[in-house]
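Q: Can we go through this model together? I'd like to start with the ligand site and then move to the packing.

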Amino acid sequence: MADLTTHYLGLKLRNPLIVSSSGLTSTVEKIKQLEELGAGAVVLKSLFEEQIKAEAGLMLEPTPYPEAQDYILQYTKSNSLEEYLQLIEKAKQSVRIPVIASINCISASEWTSFAEDIENAGADAIELNIYFLPTDKDSPSEKNEELYYNVITKVRKKTRIPVSVKIGMHFTNLVKTIHNLYVRGANGVVIFNRFYAPDIDIDKMKITAAEVFSSPSDIRNSLRWVGIISDQVENIDIAASTGVHDGAGAIKQILAGAKAVQLCSVLYKKGVEKLAVIKNDIESWMGQHQFDSIEEFRGKLNYRNIPDPTVYERSQFMKYFSSHV
Ligand SMILES: Cc1cc2nc3c(=O)[nH]c(=O)nc-3n(C[C@H](O)[C@H](O)[C@H](O)COP(=O)(O)O)c2cc1C
């Protein structure tokens, strides 16, 4: 029997399949079921920085998104911080797999003290879902990146448990950004988050929401970066996210250097039972290729370990265009 054990954020996972932060991990019952079905770890549904501020009585700063602010205030009433801490505590009492807390944030303000409460509640690690959408032409890129660095620096001072940062793909120099997160104390990085995005209804001429769930082809966005980052920032642990829908997707990300993969859309679309199928598919592939452990093939095809690393850099469809006229 192949050994699927992996180490992510210094935590021992019985296999690399982590259930992503979402409604799939919002109750102890769901988390117990995910453990029974074979999950290696879970990331709890996120708390919002704004929730923490609102409940701590800190003034919410004026925001250009009043609708979002109303939503947060409403949401806070039915999802208190205390409930979140209880979810961590109860989940830790009920399952043996690691339980990672999650916070959506955009600033390094007072909310960061809550990291201590999360640690005291027993969480094994914290995932920081940091996202800021720059829309101001006068704001220099460095200032936007500072935001990410300030959050990790501040949270690192508040807690001793491992911290990972879940980011999007749009950085001028992603390798440098992730290196900077690492030197400021990030133990891991989740590559990449998939954000809510707008769409347009052309009949009603209204902005609507784009498709919420990913598809397997979305793996193309992260695979290249997992391959490069696992070489260039080699001591940061990578959890590959977005578009992993099957055993093949998970295997590709591990071959590229990921320590773990996160699953979300596939479990919403196909049911949480799909976890066991993906795990079995990884095991059978390992059997076919005579790999006894994840470490035997992890990173085998990353930027460092392939004969021609420029295949990871190639971005233009030169060959494709010349043969598809
Ligand atoms: C319904 C739904 C709820 C989500 N909620 C959260 C959340 O609370 N916090 C978070 O960091 N990501 C959240 N996400 C993003 C997922 O964790 C994940 O990063 C994203 O869906 C990409 O992975 P996938 O391709 O496996 O779906 C959510 C996604 C979905 C579809």
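**Ligand site and packing**

A: A backbone N or O atom of C264 sits 3.0 Å from an oxygen atom of the ligand. That is a polar contact, meaning a pair of N or O atoms within 3.5 Å.

Q: Before we go on, what kind of model is this, and what are the ground rules?
A: It is a predicted model: local features need pLDDT of at least 70, side-chain atom pairs count only at pLDDT 80 or more, and totals for chains, interfaces and linings use all residues. Residues are numbered from 1 along each chain as its sequence is written, and side-chain values use heavy atoms, with hydrogens and water left out.

Q: Which polar side-chain atom lies 2.5 Å from an oxygen atom of the ligand?
A: One of S265. A polar backbone atom of G243 is 2.7 Å from a ligand oxygen atom.

Q: How much of the ligand's accessible area does the protein cover?
A: 87% of the 610 Å² that the ligand has on its own. Areas come from the Shrake-Rupley method with a 1.4 Å probe.

Q: How many residues surround the ligand?
A: 20, with S21, S46, N129, S214 and S265 the closest. The cut-off is a heavy atom within 4 Å.

Q: OK, packing. Which residues touch the most other members in the largest nonpolar core?
A: I118, L128 and I167, out of 83 residues. A nonpolar core joins buried Ala, Val, Leu, Ile, Met, Phe, Trp, Tyr and Cys residues through side-chain atoms within 4.5 Å. Buried means under 20% relative accessible area (1.4 Å probe, protein chains only).

Q: What else is there apart from that core?
A: Another core, of 12 residues, including Y8 and V190.

Q: How many aromatic pairs?
A: Seven. Rings of Phe, Tyr and Trp (its six-membered ring) pair if their centres lie within 6.5 Å.

Q: Why is the Y303 and Y312 pair edge-to-face?
A: Because their planes are at 65°, with ring centres 6.4 Å apart. Edge-to-face needs over 60 degrees. Both Y303 and Y312 are buried.

Technical notes. Polar contact = N/O pair within 3.5 Å; in protein donor to acceptor, adjacent residues only side chain to side chain. Buried < 20%, exposed > 50% of the residue type's maximum accessible area, 1.4 Å probe, protein only. Phe/Tyr/Trp six-rings, centres within 6.5 Å; stacked < 30°, edge-to-face > 60°.
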